[in-house]
Amino acid sequence: MSKDNRKKIRESLAKRNRSERHFQWFGKLGVILGLAAVVLLFVDIISKGSGAFRATYIQLEIEYDPDAIGVLDVNDTEELIFANWQNFAKKSLRDLFPEVTKRGEKRKLNNLVSEGAGFDFRDQLTQSPNLWGTKETLWILADDDIDTYYKSWLDDDPFSARLTSEQIKWIDQLHSKGLIALKFNTKFFERGDSREPEQAGIKGALIGSFFTLVLTLLMSFPMGVTAAIYLEEFAPKNKWTDLIEVNINNLAAVPSIIFGLLGLAIFINFFGIPRSIPVLGAIVLALMTLPTIIITSRAAIKSVPPSIREAALGVGASKFQTTLHHVLPLSLPGMLTGAIIGMARALGETAPLLMIGMVAFIVDIPGGFTDPATVLPVQIFLWIDSPERAFVEKTSAAIIILLSFLMVMNFIAVYLRKRLERRW
Amino acid sequence: MSNSKLSQSISTDGADPKISEQVLDVEKDLLSMESYSTIGNNLVEDAKMSVRNVNVFYGDKQAIFDVHMDIKKNEVIAMIGPSGCGKSTFLRTLNRMNDTIDSCVVSGEVTMDGENLYDPKLDVVELRARVGMVFQKPNPFPKSIFENVAYGPRLHGLADSKVDLDELVENSLKKAGLWEEAKDRLHQPGTGLSGGQQQRLCIARAIAVEPEVILMDEPCSALDPIATARIEELIEELSQNFTIAIVTHSMQQAARVSHRTAYFHLGKLIEVNPTETVFTMPEHKLTEAYITGRFG
Amino acid sequence: MTELSFENHIMTQFDEELEEIRTRLMEMGGKVEQQLKNAILSIHEGDSKLAKDVIDQEKFIDQMEKDLDDSCILVIARRQPAASDLRLVMAVTKAVNDLERIGDEAKKIANHSIILSGEDNKKSGYPEVRHIGASVSKMLSDALTAFARFDAEAAMKTFNQDVQIDLEYKTALRELMTYMMEDPKSITHVINILWVVRSLERIGDHTKNLCEQIVFVVQGKDIRHD
């Protein structure tokens, strides 16, 4: 090689190396930006949402006196239903602050504890009636405004806009006596939705999401996989199958709200399926994830080397046996990945579910596939729409739950993949 | 090889244009000819398989033209020819492996022991059990060595008991010359073997269902010379019990292992002769040109 | 197959190697032909210097044989020739052997020529030598031409010339026998002539072998011992 050429190469080499370095920098920058966005999201969500896992409780001494709630006969169920259970808490608070006498002040005092406390007393006493007439020291859930104030006050940034100066004074007194404290919020995981932020829980939406997803998976995975196998292995290659293929690809790109409209028009109006139930949500979400599963499954089937099929056919396996014994096991990990991607999308989907009534305010925790339910993303949507400040941290907490749900699903997918692949 | 490519390869490096023109003329004749006849002894007395008037089409394109040929019992017959000459396609008509390609249409008659293989009543699964196949790339299933060999017999229910199956697997591996290397790792994945061992595993898998004919489609093209030599030795041994048709792009391999050699050119069967004849004094000009490395 | 070419291989080096083998075989053939002619000429001219020259040149022919054999082995090892290429290479290894033997015979003739030139002017038997010598020279020359042209027909014709030479050889033997009976003193001389004639006859046989090889190369037919 001539000296001249070597010089040229050396000069161009510097340029080539520089462009390679630049490319690497850009790549690294992209990764760093991505990571930063994720970290920011997580820090923000967790910092906002972590508060929701703890709630403010006030310690009160409760006397289960039937007179206090205006009940004459504790065995008269009808009377119990209409009783003013909240009075137990009110009475205890008045005992704690005997100086409060004015009517308006009394109401403010009563507002320290959650409106839902009365329901807890009712449940408690219905379950064990022998408690009547006894005394008990209990941690009672505080009202959401108190909760918001107390948490912000603990953080040295008090938010007192919705409280009177008396209420702040009472909280101070309670705090100095050690009668007010933050405790783990078990109700958040035990309750359905509520108008009262301190009473609102995630369990209803969580169970709703679970039921909906299980049904979605049961409907879309077998159907998607069989459709993919048929199209890839058995269907003749002609313009009809081409047309089907194009349409499946188009279907994957259809906005999800269209599937909601489909559910509304066909399944509710035509077939008369009741609205708001997981079965309906699952049908709509299954239709939505089906194209994704079919496309990824076909890709997984395509990636099985043709030599394996030839080998099986060569020893005399039928087409179906070849598919069942070799193609399916080899492509299953890929199919599972596709299914999980589809499921993750379905889990995060809101729009189609709004159309079929899963946006309803549902307090009860669904007990089955046909009970009205809502799902996590819709719950988040509902909460973020609510005016009470306490719902901000509830929303973030729900997002944390949703993300954890997704992560659990992904871990299961990765685990299944590893297991299935290890067999070979 | 397309006609233009052929003429190029011949005319560019030839100092003497006479010969290249001759070969070209022969090829042109061959292309234009509606009917042609194969030179040599393509038909034999005691045929295991007989191929008559076979044409193969891929859509509009004809890949095989009017082939007449017999395959003798317990012989090794090699099919050679330039790439794209249809030798692999022809091999695949013998166990109807072409059925898997939608656009492929086969006309004519292929018989084995007098039975028409393209009879609509014949189940292709049974045919493939009788005519085994070994492929170009070693393609063991991603399962254990044992499972690989046992797959065929299990599929067809050939073994009555576990003991039978064990014995069948052992015998097949022994016949394929893999037993000594594999007996201690029967339950390890077949894909962990070396290339040559994998190909012998594929041969063991093919012979486990005790076929009558074994088709081999360039079985050594992915192997090193030592592994190739092992397979060739194995082919020689297997020809005691099986009829073997082998497609190879290595003329030397055809010369080493086969008893008869068939030369294909542009989908036509040009010449079939005993291997020693083909490699010392081929009858057809095109065979000669291919054998001596004039094109291919 | 009537026309034969050793060109147009995809590997042009192979063409060149085969061409080189052919050229060198022709060269060797020419050299041997020259040796034969010189040996016969030295007898007629009584030229012992020419005869010595023939003897000296023989070692070059031996060297050519070795070189050509090596080339053939190399081609077989490297190119695995088949069909006509293979036949050519095999034929050349055999032809080289025959040519070397012809060279040996020419050397023997030259040896006898030296002895003959030391005798005083006895010319009995020379016409026979001239006669057979001319026939054998022509046959060798024809054979080499046929080889150069890969002409099987010409080779077959040349092949048949050997019958004539055998006939001439037998006639010459009878003649020489008569000379010995006529003049017992000339027996030593005639025996020398006898050896020369015998060598010429052997050269005819080797030339016949050459022709067989040509037919083998061109037609793939083995006509030996037919």
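**Chains and a strand**

Reply: No contact joins chain A and chain C, and their closest C-alpha atoms lie 26 Å apart. Two residues are in contact if their C-beta atoms, placed from the backbone, lie within 7 Å. This is a predicted model: local features need pLDDT of at least 70, side-chain atom pairs count only at pLDDT 80 or more, and totals for chains, interfaces and linings use all residues. Residues are numbered from 1 along each chain as its sequence is written, with chains lettered from A and ligands numbered from 1 in the order in which they are written.

Me: Which chains have the most contacts, of the two pairs that touch?

Reply: Chains B and C.

Me: And how many residues of chain B are in contact with chain A?

Reply: 21 residues of chain B, against 16 of chain A. α5(B) gives the largest share of that side of chain B, four residues. Helices (H or I, at least four residues) and strands (E, at least two) are DSSP runs, numbered from the N terminus.

Me: New topic. Is strand β8 of chain B mostly covered or open?

Reply: Mostly covered. Four of the five residues in β8(B), 213–217, are buried. Buried means 20 or more other C-beta atoms within 10 Å of the residue's own, with C-beta atoms placed from the backbone.

Me: Which strands does β8(B) pair with?

Reply: β7(B), residues 131–134, runs parallel to β8(B), with four bridges. β9(B), residues 243–247, is also parallel to β8(B), with five bridges. Strands pair if DSSP finds at least two bridges between them.

Me: What stands opposite B:Ile214?

Reply: B:Gly132.

Terms used: Buried ≥ 20, exposed ≤ 12 C-beta atoms within 10 Å, placed from the backbone.
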